[in-house]
Amino acid sequence: MLYDKLAGIVAAGKISHAWLLTGRPEHTLEQAIMLAEALLCREGAPGGQPCGRCASCRKIAAGNHPDLQLILPRGASVKIDQTRAMQYMANLESYEGGRRAVIIHNAHTMPPAAANSLLKILEEPRGGLFLILTAPLGDSLLETILSRVVWVRLPENLPLGETDSIYTEEYLPELQKERELAGLMREKCRRLFELLPGDGAQLVVLARSFKEDKQRSIPVKRQMRVFLDELLACLHEQAVVNVRRAAGEQAELPLSGQLVFDKNGALQAAALVEDARRDIDGNVNGGLAMSVLFLQLHAIAAGC
Ligand SMILES: [Zn+2]
């Protein structure tokens, strides 16, 4: 199912030519494809949901819609030749004579040159062409891009659909890889939250536990980025739980497991995670950046 907020926007006919979906990677990719299906649906997506029966919906379900282009990061990032290919496609007529859609998954990994070629398309929208970007967080994208998209934040607890019917074999391994990686990194976050109240000795060991995943060809920096996204989600959860418990509500910690930070501590920690993300995107040694981050988080946790 398309997330109801997105379906609501589609149903209301407020259809923008550019969208940004932020949230967990496994949600954003799935919802981006559902949104493309709704936008391209020949039946006009009744209630904002793709009908699932028309020729266009069936082709997307089968993964062979000629007017839907899916761009997934190759290795650690979306590459410039991928956005060039998209630019080329943007200038073509649609195969089927209807609407067309391009999805750029994890658009925050685009290098500046690729982001700039994207801007050109955003500035001069072509009739019937929809651009759907996804990212874990919106603020990792250029302000000039953000100002030109309809930004929808997907909730943490969005149920995952029946992907088998939606994705081709070509998309599935990539999606599966995303899910596995997110799951592994979430485990690491839980471990971090277990260790933070301790004496800190184990933290450096954990910081150095990011290893090249040769089997699945996942570079260390990609793992670290996903880890930091998961960590931000955990810190957000800690801040929210503090507020809700202070209001006398019951609130669980499904992501991080135990409450380590008070509200201010969680916000302070989130700012440090943002810094670490910038360091890792730059040329800083990732293992070192992680060690420094973990020890800083340890110090904040001790003060909470
Ligand atoms: Zn349809």
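Q: Into which domains is the protein chain divided?
A: Domain bounds come from an automatic or database domain assignment. Here the protein chain splits into domain 1 (4-168) and domain 2 (178-303). Residues are numbered from 1 along each chain as its sequence is written. Keep in mind that this is a predicted model, where local features need pLDDT of at least 70, side-chain atom pairs count only at pLDDT 80 or more, and totals for chains, interfaces and linings use all residues.

Q: How many residues of domain 1 are in contact with domain 2?
A: Two residues are in contact if their C-beta atoms, placed from the backbone, lie within 7 Å. In this model, nine residues of domain 1 contact nine residues of domain 2. The centres of the two domains, taken over C-alpha atoms, are 29 Å apart.

Q: Where is confidence lowest and where is it highest in the protein chain?
A: Confidence is given as pLDDT, the predictor's score for each residue, from 0 to 100. Helices (H or I, at least four residues) and strands (E, at least two) are DSSP runs, numbered from the N terminus. Helix H7 (residues 163-166) has the lowest mean, 46, while strand E1 (residues 18-22) has the highest, 95. For the protein chain, the mean pLDDT is 86, and 91% of residues reach 70 or more.

Q: How many helices and strands does the protein chain have?
A: There are 12 helices and five strands in the protein chain.

Q: What is the size of the box that the C-alpha atoms fill?
A: Taken along the principal axes, the box for the protein chain is roughly 65 × 45 × 35 Å.
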